[in-house]
Amino acid sequence: MFQNLPKLPLRPLLIVPFSLQILAAVGLTGALSLRNGQQLVQDLAGQLSAQTSEQITKHVQHYLDTSELMLQVNQVAVQTGSLDLENFEQLQQYFWQQSQLSTSVTTLYYGAANGDFLQVEMGAEPTLALRTPATAPQWEIFRLDDQGDRQERLRTGLYDPRQRPWYKKATKMESLTWSAVYLFADPPVLGITPALPIYQTDGRLQGVMAIDLPLSQLSEFLASLEIGQTGTAFIMESDGTLIASSVAESMVHSTATGEQARRTLPQSQDPVLQAVATHWANSAQMGQIRPGYQKVIQDKQGQRYFFYLTTIDSHHGIDWRLGIMIPQRDFQAAFDRNRRTTVVVCTIALLVSAGFGIVMTSLLVQPLGRLVQASQAIATGDFEATLPEGKIRELDRLSRAFGRMRTQLQDAFANWAATHQTLAESAQRRAAALQLSEERFTKVFQASPDAIAICAFETGRILEVNDSFLAATGYTATDVIDRTLTELDLWRIPGQTDEIVEVAHAQGSLSNQLVTFTNATGKLRWAKLAAETIAIKGQLCLVFMTHDITALKAVEAELQQQKQYLWLILNNIPQQVFWKDTQSVFVGCNRNWAIASGLDSPEQVIGKTDYELVSSEAAERYRAEDAYVMQNDQPILHQLDIKHKSQDAEAVVWLDVTKIPLHDEAGEVIGLIGVLEDITQRKQATEALKAEQAKSEQLLLNILPQAIAQQLKHQQTQNLSPSQRNLLAQHYDQVTILFADIVGFTSLCATLPPIELVTLLNDIFSAFDRLADQYGLEKIKTIGDAYMVAAGLPTPRPDQVVAIAQMALAMQAVIPQIQTPTAVTCQIRLGIHTGPVVAGVIGLKKFSYDLWGDTVNIASRMETTGEPGRIQVTEAVYQALQNSDYAFTERGWVDVKGKGQMRTYWLNSKF
């Protein structure tokens, strides 16, 4: 096959293969070196990112766990009775002491179901916020001194904790909840709030306890970490809103309107975070990235970074992302220099091999083979391989280049070791922080006033107790540690430990369990016990908390004795007493009520309803009254009720009924108490007296106006002497007066018997009285056959002139309808004037309401100077009515006695 090939010179044949060998060897060595170096850099960056991520995640979880544990400890304290949420002075000191235990817990507060609120805030200046029934609907904020005592009031404002998101979410979820990240008002930093609802033993909500956690400490922690040489770490939500960052940049920025808002990745001014935002915008949503996501990205300047993103796993219900950016230059500078050196050496080697191929072939083969072996050893990580020393300059340079590359690789691994050491030191600091947290928990554990014991769940042996446990039992720590509660023979009832463990295991927790135990001296004690299963360092444990209530039991015995005295009092008072629950079911009564209801004893009423004791109609009415009292929390006081005696249906018993709502310690309505008193005799006497008073009142109102009668009765009831009584007369600026006189009355007197005359006058004046009532006028008096009526007193009215005009026209219309004993038809003259008068009652006996003044005289002259069947009015009346629907005719000037000439008018009709 090679016979037909042309003959080739030996030099090219030696140079070309030699050059190809050098090219292949150097190229392979450089490629392997670069590939291994790049892989080493990525592995280093990945390990550093993963370790840093784990460290940050644990710090965040511990930061959140501290406040959650503190809320749970507070809940147990409330359940055992050692912390009274209604005692705000105790609660204030309790929150103050807890705020001293951790720098992360700066604000603790509690909102009650009735709107009460207490908050202790450790800001630049410690403050106390209070909302009580005395301040509602506002709260008051006070300054606290360095001992936690309240000082001067700083400000007030409207506030209702029940309308806050943390309260609503906690009560809706009925368990410990975490709020979303939000912006604190003052100072404007990010924060998050865990809230825990507190329930009473009967399951009713008592309130919500919460803690405000500022997230600025997370940024301080991230800034304190050493991530490579210039690495960056940040925490954000799944939508890219920043929570914390190691860069010196606020997580809050000002909007165009001047408001404070949270900063997002695209709004960051840091070039590293801007690179992450650009990568995010050009790729899938960060919320869908799985933990351990790695990518090499670059910023606007072309700088490349190792980007590591993962989620922060937490049982707190949060969904955060942790990002770590490490510049590639922190690891790759040495490898870049090696790459450039390798390229230069390969180029020189190729040029030298072309010129000196034949001569150097024999010299190159052996050192080149050693050099290839050494480079392969370096590429695999063997930095102790010996590089050959050749007499050929190019090979010697190549050897030194590989030596520098080995040195650079060694330096890179040394840097990696230093970084690893930094991470180890950070882990030590984290361990120290955890130890500090455990010490603080130990302080809370030991400071609790309740006896606490922690037992291993499987064995039941005591692992730890606090000082309150030792004080309550009388044992020492040596006596109880590593022993069971049964071995200590604490329980008065054998086997009680097993029952408590079974219930706690089945339900997860136990609260308010009444137990009895004996201390080391054999003295019997009473206590309320709470138990809960928790995991401590991977071991399942059972925590017992007991609150000594021995003194309370003694008080209960005393209360029982007081109860017996109360029954003696109830059964000996003359009133009838009963009490019901919220369903209107009888709970009890006294002996008098039982006898009145036809029962043999008070005990028979328990559990009964009104339907079993009275008619359905009466029962419905009583239950409606009960519902009103309890639903509106309003008593019914001294309500009259009628009861028919069973033996005599006609006999009526009058009862004075009072129903008052009953409240529990929390102020909730739990029923009502009713008190009945038989007031039949008093009622009968009162009704008789009222009937007589009504008759007297009606008689008095027929004589005097109501207002004057009231004033006169007031003076009479004061038992004043005549000299002390006030004059019952009053000046009125405007009163309209009408006088009416029967024409021909004198001739009637001569022709009619007195009794018929009086009967006729009664018919006429009765018709006039009915008209006065119809138009709301005040009849003043009758004088013989004259009738006087007025408008505008004793109560002034704007239409008084109109009312009198209507009265006058109606009197004209009604007088022809009066039947007379003779064929003579009655006629009347009428006169009207308006002006000021004095009206009232004078004298000491036979009181009569009368009017005085020039207006009265002029009105009388208008009648006497008038004509039969006509109505004469003064110019003052005409002026008052000329714009109304009345027709007038001017009479002209009339000589009025005592006044001279006066212009008068005839009132004719109404349009």
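Which strand holds threonine 177? Threonine 177 is found in strand E6, residues 177–178.

## Basis of the model

This is a predicted model, in which local features need pLDDT of at least 70, side-chain atom pairs count only at pLDDT 80 or more, and totals for chains, interfaces and linings use all residues. Residues are numbered from 1 along each chain as its sequence is written, and side-chain values use heavy atoms, with hydrogens and water left out.

Helices (H or I, at least four residues) and strands (E, at least two) are DSSP runs numbered from the N terminus.

## Threonine 177

Threonine 177 has a relative accessible area of 7% and is therefore buried (under 20% relative accessible area; exposed is over 50%, partly exposed in between; 1.4 Å probe, protein chains only).

Leaving aside residues up to four places away in sequence, threonine 177 is in contact with Lys169, Ala170, Thr193, Pro194 and Ala195. Contact means heavy atoms within 4.5 Å.

## Threonine 546

Strand E22, which covers residues 539–548, contains threonine 546. This threonine 546 counts as buried because its relative accessibility is 18%.

Its contacts, again without residues up to four places away in sequence, are Asp450, Ala451, Ala527, Lys528 and Leu529.

## Valine 78

Valine 78 belongs to helix H1, residues 10–79. With a relative accessible area of 13%, valine 78 is buried.

Beyond residues up to four places away in sequence, valine 78 touches Leu83, Leu85, Ile198 and Gln206. For one of these, isoleucine 198, the separation from valine 78 is 120 residues in sequence and 8.2 Å in space, C-alpha to C-alpha.
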